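Hi everyone, thanks for coming. Let me put the sequence and the structure up, and then I'll walk you through them.

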Amino acid sequence: MENSDQLFYQAQEVVQRKNDDGQLEQLIKQGLDVNNIDEYGMSLAERATFGAINYNALFTLWKAKATPTTDYIKEIFDQFEDGKSVADLYDESEMSIKMQSALELSENFSARKLKIESALLTIHEENNNSQNSDLILSIVLKPFLFEGTIIETTMEFVTSVHDEMKKNLFVGNGYSFIGEPISSSIYIQNVHNPVDLQRLYIKRGKKYYTVSADLYFDFAFENATYPNELVTFKFKTPL
């Protein structure tokens with residue numbers, strides 16, 4: 001059996017990793033005392049709760065009959081006792097982080113309060129000899145809280161680029177899609193409400209497109225209780 005102090009010091013390093021590839025279980029088989037504490041009075045389970053919580057390590061320690069040294073660790077061990085898995089707790093933790101960072105838009109909701117988290121514009125040429133291409137605009141909205149639920153939305157607008165569009169996309173006020181409906185949707189009040197791309201202007205730089213997109217949020221289409229709104233989103237996206 002390896003020296004108990006050496007096993008403990010190895011375990012201290014292992015429990016700080018999100019994925020230990022079974023190393024903690026191996027140390028336990030070699031004789032690790034899961035209830036040992038360091039010179040500061042800290043247990044392995046406590047170290048596993050520092051920073052990003054290591055539920056994998058905590059589950060292994062719980063299976064090995066580690067004694068919870070704090071109320072917080074006891075709560076986690078009790079959840080394992082009740083049948084929750086490591087994946088369950090990671091999912092709940094991730095959701096909690098999202099809840100804390102999400103915009104709260106339940107009261108006086110307006111499409112104008114929505115924020116872009118990321119966006120990507122791509123223009124795919126069919127082949128080197130073709131005059132045709134496809135334009136794809138993807139907009140990921142920052143998650144927001146709406147009546148107690150986190151709403152995560154990705155809007156994707158796809159169209160074929162024709163000659164008239166090519167002439168106007170990169171000049172003046174861009175190209176108007178009114179009369180050529182290109183739609184996506186946003187989920188509000190238990191329905192998918194249409195979002196129409198009405199105008200697009202693209203400025204080409206050395207590394208980025210600077211994009212201005214007019215989006216029309218049609219809440220009346222599904223009888224939502226919010227007014228229809230035209231919102232202009234401006235952002236940069238890599239070439």
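**Overall shape and a ring cluster**

The protein chain has a radius of gyration of 26 Å, whereas a compact globule of 239 residues would have one near 18 Å. That radius is taken over C-alpha atoms, and the globule rule is 2.2 Å times the number of residues to the power 0.38. Along the principal axes, the C-alpha atoms fill a box of roughly 80 × 45 × 30 Å.

A quick word on what you are looking at. This is a predicted model, where local features need pLDDT of at least 70 and side-chain atom pairs count only at pLDDT 80 or more, while totals for chains, interfaces and linings use all residues. Residues are numbered from 1 along each chain as its sequence is written, and side-chain values use heavy atoms, with hydrogens and water left out.

Now the secondary structure: the protein chain has seven helices and eleven strands. These are DSSP runs numbered from the N terminus, with helices being H or I of at least four residues and strands E of at least two. Of the 239 residues, 39% are buried; here buried means under 20% relative accessible area, exposed over 50%, and partly exposed in between, with a 1.4 Å probe and protein chains only. Among contacts with a separation of 6 or more, 53% join residues 24 or more positions apart, a contact being heavy atoms within 4.5 Å.

Rings of Phe, Tyr and Trp (its six-membered ring) pair if their centres lie within 6.5 Å; planes under 30 degrees apart are stacked, over 60 edge-to-face, and the rest tilted. That rule gives 13 aromatic pairs. Take Phe109 and Phe146: their ring centres are 5.7 Å apart and their planes are at 80°, so this pair is edge-to-face. Phe109 sits in the loop between strand S1 (103-104) and strand S2 (116-125), and Phe146 in strand S4 (residues 144-146), so the pair ties together parts that are 37 residues apart in sequence. Are these two buried or exposed? Both Phe109 and Phe146 are buried. Ring pairs also link them into a cluster with Phe144, Phe217, Phe219, Tyr226 and Phe233.

Last stop, Lys115, which lies in the loop between S1 and S2. At 47% relative accessibility, Lys115 counts as partly exposed. Leaving aside residues up to four places away in sequence, Lys115 touches Leu103, Leu141 and Lys142.
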